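Please read them with the structure open.

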Amino acid sequence: MSRSSSRLTTSDLSVDSCQFEPFGGFKQIVKPACKPRTYQGYEVVVRVHLVPALGKKKLNKLTGADVRLFLRRLENMCLCCIHKTDQKRAEGERRCCAVGRCCKSLPSVRLRQQAHAVLRNALEAAVREELIRRNVAKLVKVSGPKYKVNRGLTVDQARKLLAAAENDQWHALYVLALFLGLRRGELLGLHWSDIDFDAGTLTVRRNLQRVGGELRTVTQKTEWSERTIPLLGATADALRHHFERQREERAHVGPDWVETGHVFTSVIGTPIEPDNLRRSWYPLREKIDTGGSRGRPPWTDIVTCGKTVPKGRRTR
């Protein structure tokens with residue numbers, strides 16, 4: 001991306017050499033401005049989709065038609081073939097793309113939108129560096145995904161979940177998810193210092209995520225995502241009970257307890273692996289009768305004032 005060389009011209013620069021890994025530009029410009037999990041998602045889009053399709057294209061030769069064609073091809077591309085999902089299975093378990101029967105596992109609307117957004121932002125960085133005069137990705141319009149509402153748990157299912165989880169070690173987590181609509185990362189990122197029992201408040205400040213093979217605590221993605229919520233009735237009672245329960249666990253474990261300050265922890269005090277929380281949901285799901293559907297965990301939707309709003313559609 002640097003203009004330090006006077007010999008550098010746009011005719012020398014391809015999309016991958018200016019913007020994408022492993023050539024440095026994408027990492028240097030995008031990574032400092034993104035949350036780790038966001039950057040990880042962008043990196044996958046760049047490596048798997050953008051560079052193979054557009055990486056050799058000269059920046060000054062890239063057109064809106066090229067971008068449009070890329071998105072059209074992506075729309076009809078089998079992800080199983082790209083990621084070799086079926087090929088990675090044991091030889092006797094291969095059932096689709098690896099044996100000549102393409103499963104047509106097509107990209108979601110959200111993935112196509114993300115691929116366009118990453119390309120658009122990368123080209124915009126090239127415009128700011130005066131490597132190109134205009135951002136041709138802006139010439140192409142991409143429709144966003146349409147979210148359905150009311151796919152969360154019903155009131156009856158929520159009651160059954162609370163009853164089923166009453167003796168679960170993470171009962172308080174399910175209470176907070178149902179009553180306060182916290183996301184999974186927000187729940188797992190809670191510290192006791194975020195909770196003020198005297199004032200009756202809970203402040204959401206951070207997320208716990210697995211990024212690049214390690215658990216990381218990151219700040220909220222947007223400024224208004226950091227918020228203080230009143231603790232009333234069942235939520236305050238559940239947290240007080242959980243506090244006492246954790247104190248007993250700490251005393252039982254003794255010197256092997258790892259003090260992290262997290263509200264929800266493993267049996268030795270370490271942060272909870274996000275996937276382990278999902279696995280804890282499966283047996284509870286079987287007890288609440290989801291009507292034959294897969295059943296969405298309570299942290300999948302934001303529930304406010306009796307309405308269910310899918311992630312990505314939160315309003316202030």
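1. Helix 3 has a buried side made up of T38, Y39, V45, V46, V48, H49, L50 and L54. Buried means under 20% relative accessible area, with a 1.4 Å probe and protein chains only. Helices are DSSP runs of H or I with at least four residues, strands are runs of E with at least two, and both are numbered from the N terminus.

2. Helix 3, residues 36-54, bends by about 40° at V46. The bend is the angle between axes fitted to the seven residues ending at a residue and the seven starting there. V46 is also among the buried residues of this helix.

3. This is a predicted model: local features need pLDDT of at least 70, side-chain atom pairs count only at pLDDT 80 or more, and totals for chains, interfaces and linings use all residues. Residues are numbered from 1 along each chain as its sequence is written, and side-chain values use heavy atoms, with hydrogens and water left out.

4. Helix 7 (residues 155-164) packs against helix 8 (residues 171-180) at about 165°, with the axes 9 Å apart. Helix 7 is therefore roughly antiparallel to helix 8, a term for angles over 145 degrees. Axes are lines fitted to C-alpha atoms over the stretch in contact, and angles run from 0 to 180 degrees between N-to-C directions.

5. From helix 7, A158, L161 and L162 meet H171, Y174, V175, L178 and F179 of helix 8; contact means heavy atoms within 4.5 Å.

6. Overall, the protein has 11 helices and 7 strands, and 41% of its 316 residues count as buried.

Notes: Buried < 20%, exposed > 50% of the residue type's maximum accessible area, 1.4 Å probe, protein only. Parallel < 35°, antiparallel > 145°, perpendicular 65-115°, else oblique.
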